[in-house]
Amino acid sequence: MNEMIFHMIAGGPKPVAPFSHAVEAGGFVFVTGQMPDSPEAPGVLPEGVEAQTRAVMRNLSLVLGGIGLDLSRTVMARIYLTEFDRDYAALNAIWPSFFAPGRLPARTTVGVTGLAYGALVEVDLVAKRG
């Protein structure tokens, strides 16, 4: 597949900026970073980094599901934390629960000064078809 495919998922998370939910190119799927809100309540965030991480991962799963994939196809994830020192250990404690044992994707986690909606966490990822 040499063409790029731009995906907007019906009923998916509400974009906070002008972007596609995901773009496919060369068998890879690049999923835009997701916020910890829900399609039903844009901008309303759960309390704490654990709950926000679960919400982010639900949104990523929703986007992937909209194009026939799931989190098991993730090859790389980037995680952004606004309170890195405080929340890094809590994030690491729940991160493996989103993937099969022994199948953790490559990952980078960085501290940032701010995220949309005042979120504590955002995650983007790259998945692979096939």
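At what angle do the axes of helix α1 and helix α2 cross, and within what distance do they come? I opened the model, which is predicted, with this question.

**Entry 1: the two helices.** I located helix α1 at residues 49–66 and helix α2 at residues 84–94. Their axes come within 9 Å and cross at roughly 50°. The crossing of α1 past α2 is right-handed.

**Entry 2: where the helices meet.** I looked up the residues in contact. Val-49, Glu-50, Thr-53 and Arg-54 belong to α1, and they meet Asp-87, Ala-90, Leu-91 and Ile-94 of α2. Sorted by class, this contact has 4 nonpolar, 1 polar and 3 charged residues.

**Entry 3: the sheet.** I then traced an open sheet of 6 strands, in the order β1-β2-β3-β6-β4-β5, and noted that the pairing is mixed. At the edges I found β1 (5–7) and β5 (106–111), each of which pairs on one side only. On average, neighbouring strands of this sheet are turned by 15° against each other, direction ignored.

Entry 4: I examined β4 (residues 74–81) beside β6 (residues 121–128); they pair in the antiparallel sense over 7 bridges. Opposite Met-76 I found Val-126 in β6.

**Entry 5: helices on the sheet.** I saw that α1 packs on the sheet and touches β2 (22–25), β3 (28–34), β4 and β6. The direction of α1 makes about 30° with that of β6. Helix α2 lies across β4, β5 and β6, and runs at about 155° to β5.

How values were computed
Residues are numbered from 1 along each chain as its sequence is written. This is a predicted model: local features need pLDDT of at least 70, side-chain atom pairs count only at pLDDT 80 or more; totals for chains, interfaces and linings use all residues. Side-chain values use heavy atoms; hydrogens and water are left out. Axes are lines fitted to C-alpha atoms, for helices over the stretch in contact, and angles run from 0 to 180 degrees between N-to-C directions. Helices (H or I, at least four residues) and strands (E, at least two) are DSSP runs, numbered from the N terminus. A crossing is left-handed if the near helix is turned anticlockwise from the far one by less than a right angle, and right-handed if clockwise. Contact means heavy atoms within 4.5 Å. Ala, Val, Leu, Ile, Met, Phe, Trp, Tyr, Cys and Pro count as nonpolar, Asp, Glu, Lys and Arg as charged, and the others, Gly among them, as polar. Two strands pair if DSSP finds at least two bridges between them.
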